[in-house]
Structures are given as structure tokens and as C-alpha cells.
Amino acid sequence: MKSLNLKSFLATIRADIREKAHASGLGDPNDPPAPRPCADCDTILAPQWMAGSGVWLFPECGEVLACRLKKDHAIAAKAYEAAVNRARVPIPMRHFSLVAREGRTVLAVDKKNRLLADACYGWDGSSWLVASGSVGSGKTTWLTALLMEHLISNPDCDARWTSEQRLYRKAALHADRSHAGREKVLQEFMDAEVLMLDDLGASRRDLTEWQGGAMRDLLMERHLAAAPTFISTNLSLDAIGKRYGNHVAS
């Protein structure tokens, strides 16, 4: 009795499959569907007629390695994009690269930026880089490209990109929301695994008491934590000392 019930059950399933196959255009043995590419790679898959079920089915892709590599690449690309967005890297600078990559512009090395280029290519993943020079010398571009290269290899890194003025502006906006709002903003940049601080000292205005103290705290806390930090500035070290204090310049 049980055997008959099982046979009846299987027959019902096969009939249901055939009905759905005919409804979807996959149930005619003389009318195979067109071959289609694997969803995970470019391998073309030909349909196979399953006589027992009365339906055309597409086999699994035999290019297992190609599928796996493409999936891994897609996952890595998504994680990298999320890391760059989280870091708030400026969109116009996201296409620059230190090495040849598809869809990216490789930065050119010349006499003006040779030292900075060598420092970026030789970065050990933990030290600070401070680029000081005139406007238009490529400081921000090179350091930002280095940050993005780091995120390609380390997409889980909680990095941050900010200019000094962006930091102050964000802190001011959050100060209106809560008493500790601007301190939370400052802590965000203190805690970043890697920080890109652009245009240090760019404003010609005198710093407020909070701004001066915040920048000194930020740099000192990151120094004590040995947290990698990139800084671009038009100021000399002497000028940095006068603006933020000699202990920061040192």
C-alpha cells in the first residue's frame, strides 16, 4: 500500500513538472530553448532533454573555476565600493590609480612628484605620510590614490577621507543637534583605521579655540595609537608649528 502511494506521489510530481514545463515552453522535446550564458561567467550552456521528467534543463556550468573567480571578483568589487563610499573619497578623484587597472587612470610620475610617488609606492601600510608643497603639485591626488589602493587590498578597512574644513563643518553641523555632537565627529576621525586629512591649514582664518584643540587632539591621538595617517598641506613644518603647536609639527 505504501509502495503504491509513493508511486502515485512521484507520478503526481512528474505530471506537475511536465505541466509547468509546457506552460513555460520547456516541455516540447522537439523545440529546445536557445543556449544561454552561465549566470556567473561567459560559458554558453546548451539545454539537455530530461526524458524522465519531460522537460528541458540547463546543466550546471562546467567552468567551476571561472565562475568562482567571477563571483569572488564581484564580491570584492562590491566591498571595495562600499569602503570607498564609507570613507567619503571625493567622486572626481576615484578614477586615479597607482597601478594599471581597468577603468582607472594611472598617475604619471615626473620630476615634481617623484619623491611623493616613491613614498606612496614604498608605503609600508602603517607609517604616516605628510605631503607638503605648492598648490597643484599632486599631493591630494597621490595620497588619495594610495588610500584607494589600500582599500582594494583591505576592503574591510574603516578608512576616512576629509579635508580640515570638511571636518570643522561637519562638527559644527552636529554641534547643533546635541551637546556632544562635534566631539562624536572628532572621535570618528580619531578612530579611523586609516585617515586622509587634506589641506591642513588651508584656511587663512584664525582657528577657534575648539578647532585648534580638536586638530591637536586628533593628530596626537592618532600618533599615540600609531594609526596610519596621510596629510596634505601647503604649509611648511615651521608654519604648522606656529598654527598648531611645535609638538604637532614634531
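Tutor: When I say that two residues touch, I mean that they have heavy atoms within 4.5 Å of each other. Keep in mind, too, that this is a predicted model.

Let's start at Thr144, which is found in helix α4. Its relative accessibility is 0%, so Thr144 counts as buried, the cut-off being under 20%. Leaving aside residues up to four places away in sequence, Thr144 touches Val89, Met93, Trp161 and Met196.

α4 spans residues 139–153, and it lies across β7, β8, β9 and β10. Relative to β10, the helix runs at about 165 degrees.

Those four strands form an open sheet, in the order β7-β10-β9-β8, with parallel pairing. At the edges stand β7 and β8; each has a single partner strand, so one side of each is left without a neighbour in the sheet. From one strand to the next, the twist averages 10 degrees. Zoom in on the β7 end: β7 pairs with β10 (residues 229–233) in the parallel sense, over 4 bridges. You'll find Ser132 standing opposite Thr233 of β10 there.

As a general point, nonpolar side chains in soluble globular proteins tend to be buried together. Here, the largest nonpolar core has 28 residues, and Leu143, Leu147 and Phe230 are the ones that touch the most other members. At least two residues of this core come from each of α2 (64–87), α3 (114–121), β7 (129–132), α4, β8 (159–163) and β9 (194–200). The biggest giver is α4, with 7 residues.

Not counting residues up to four places away in sequence, Phe230 touches Leu143, Leu146 and Leu147, along with Trp123, Ser127 and Leu129, plus Val194, Leu195, Met196 and Leu197. Met196 turns up on this list, and Met196 is also touched by Thr144, where we began.

The axes of α5 (residues 164–175) and α7 (residues 209–224) come within 11 Å and cross at roughly 115 degrees, and the crossing is right-handed.

Follow the chain out of α7 and you come to Ala226, in the loop between α7 and β10. Ala226 isn't a glycine, yet it has a positive phi of about 55 degrees. With 54% relative accessibility, Ala226 counts as exposed. Arg88 is another non-glycine residue with a positive phi, near 65 degrees. Arg88 is found in the loop between α2 and β5 (96–97), and it is partly exposed, with a relative accessible area of 43%.

How values were computed:
Residues numbered from 1 in each chain as written. Predicted model: local features only at pLDDT ≥ 70, side-chain atom pairs only at ≥ 80, totals over all residues. Heavy atoms only, no water. Core = buried A, V, L, I, M, F, W, Y, C linked by side-chain atoms within 4.5 Å. Buried < 20%, exposed > 50% of the residue type's maximum accessible area, 1.4 Å probe, protein only. Pairing = 2+ DSSP bridges. Axes fitted to C-alpha atoms, helices over the stretch in contact; angles between N-to-C directions. Left-handed = near helix turned anticlockwise from the far one by under 90°.
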